[in-house]
Every structure is written in structure tokens, then in C-alpha cells.
Amino acid sequence: MKYTLLIISFALLSGCQSTTPEPGIQGEAAFTANDPEYGYTTHKPVKLGGFLRGSKYEGSHIEYFQSLTGPNGEPVQVKRLGSCCPFEDQSMPFGGGMLDKYQLSYPGQKKPVIIYVNLYQFEAPKAPQGFTLL
């Protein structure tokens with residue numbers, strides 16, 4: 001009986017999660033970059049990590065694009081245009097890597113945009129300006 005109560009207590013406590021937002025972060029603006037160059041230039045790519053085997057961020061680019069919407073919640077169409085733009089980083093096994101280029105579009109948008117993604121390094125991602133990350 002004592003062990004049963006202990007197991008139940010542990011299960012209840014481990015299932016609790018805080019839903020309090022971080023201080024200073026409010027609503028959708030919390031997930032959109034303040035920097036107008038974020039994602040749109042090769043020197044400020046969206047860093048989604050996970051490309052190197054065994055990374056805990058493997059597959060994060062799929063989740064990122066599934067969570068990306070237009071400014072009014074429009075579904076975003078994503079088209080990978082390929083790899084480009086080599087970069088150096090001595091902390092990586094081969095001294096650097098390549099960025100990936102993606103075309104993003106949504107219904108009503110005047111012209112699709114191109115963003116750059118780094119699949120080697122990870123930083124908490126945000127949406128490029130003009131998009132929202134849910």
C-alpha cells in the first residue's frame with residue numbers, strides 16, 4: 001500500500017507542468033523575430049539544429065514548418081530549394097556546413113519569400129517577420 005501511494009504521488013507530480021509564460025513574452029509577438037533580417041539573410045538563418053546524428057533536435061525543421069503560419073493564420077506552403085551558402089564554424093566536426101534554402105508562400109501573399117535555415121546548430125526558433133509561429 002505504501003509503495004502504491006508513492007507511485008501514484010510520483011505519477012501525479014511528474015505530470016504537472018507550468019503553463020506560465022516567460023516574463024516579458026506575450027501572445028504571438030513572442031514567436032516572431034524582432035530582427036527584420038532573421039531568416040531572410042544568409043548571415044542570420046533560422047537555426048533548427050538536428051542534422052548531425054543523435055541530436056535531440058533531429059526533425060525540428062519539420063515541426064517548425066508545420067507550426068509556421070501567415071500573418072493571419074494562413075497555412076504556409078513550404079518548398080525546399082536545396083542547399084547553398086557554405087559557412088565556417090570550427091566547433092563543428094567538419095569545420096562548417098551548408099545552409100538550406102526554403103520558399104514560403106501562403107494564400108493572398110503577393111510574392112513567395114526565401115528563408116535560410118541552418119540544420120546544424122540550434123537556437124530557439126522564431127518566425128521571420130511577416131509570419132507567425134504557433
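A: The side chains of arginine 80 and aspartate 100 meet in a salt bridge, with 3.4 Å from N to O; a salt bridge here is a side-chain nitrogen of Lys or Arg within 4 Å of a carboxyl oxygen of Asp or Glu. Arginine 80 belongs to strand S3 and aspartate 100 to strand S4, so this pair ties together parts that are 20 residues apart in sequence. Strands (E, at least two residues) and helices (H or I, at least four) are DSSP runs numbered from the N terminus. Buried means under 20% relative accessible area, exposed means over 50%, and partly exposed lies in between, with a 1.4 Å probe and protein chains only.

The model is predicted, so local features need pLDDT of at least 70 and side-chain atom pairs count only at pLDDT 80 or more, whereas totals for chains, interfaces and linings use all residues. Residues are numbered from 1 along each chain as its sequence is written, and side-chain values use heavy atoms, with hydrogens and water left out.

By the salt-bridge rule, the count comes to four. One of them joins the side chains of glutamate 123 and lysine 47, at 3.5 Å from N to O. Glutamate 123 sits in the loop between strand S5 (113-118) and strand S6 (132-133), and lysine 47 sits in strand S1 (residues 46-47), so the pair ties together parts that are 76 residues apart in sequence. Glutamate 123 is partly exposed, with 45% relative accessibility; lysine 47 is also partly exposed, with a relative accessible area of 23%.

Another salt bridge brings together the side chains of glutamate 37 and lysine 44, at 3.2 Å from N to O. Both of these residues are partly exposed, glutamate 37 at 31% relative accessibility and lysine 44 at 29%. Asp35 joins Glu37 and Lys44 in a network of salt bridges.

Aspartate 89 presents another case: this residue is buried yet has no salt bridge. For aspartate 89, the nearest side chain of opposite charge is that of lysine 47, 6.8 Å away; Lys and Arg count as positive and Asp and Glu as negative, while His and the chain ends are not counted. Aspartate 89 is placed in the loop between strand S3 (77-88) and strand S4 (96-105). Leaving aside residues up to four places away in sequence, aspartate 89 touches Gly95, Gly96 and Gln121, a contact being heavy atoms within 4.5 Å.

The strands named above can now be placed in their sheet. Four strands form an open sheet of mixed pairing, in the order S1-S5-S4-S3; two strands pair if DSSP finds at least two bridges between them. S1 and S3 are the edge strands, each pairing on one side only. S1 and S5 run parallel and are joined by two bridges. Within this pair, valine 46 has valine 117 in S5 as its bridge partner. Strands of a sheet pair through backbone hydrogen bonds, either parallel or antiparallel.

Strand S3, which carries arginine 80, also holds cysteine 85. Cysteine 85 has a positive phi of about 55° although it is not a glycine. Most residues other than glycine have a negative phi. Cysteine 85 forms a disulfide with cysteine 84, the sulfur atoms being 2.4 Å apart; a disulfide is taken as a pair of cysteine sulfur atoms within 2.5 Å. The structure holds one disulfide. The angle about the S-S bond of cysteine 84 and cysteine 85 is -85°, and the link is left-handed. Cysteine 84 is buried, with a relative accessible area of 15%, whereas cysteine 85 is partly exposed, with 25%.

Around these details stands the whole protein, with two helices and six strands. From the N terminus on, its elements run α-β-α-β-β-β-β-β. Of its 134 residues, 33% count as buried. Among contacts between residues at least 6 apart in sequence, 60% join residues at least 24 apart. The protein exposes about 9300 Å², of which carbon and sulfur atoms supply 57%; accessible areas come from the Shrake-Rupley method with a 1.4 Å probe, and for residues only the protein chains shown count as cover.
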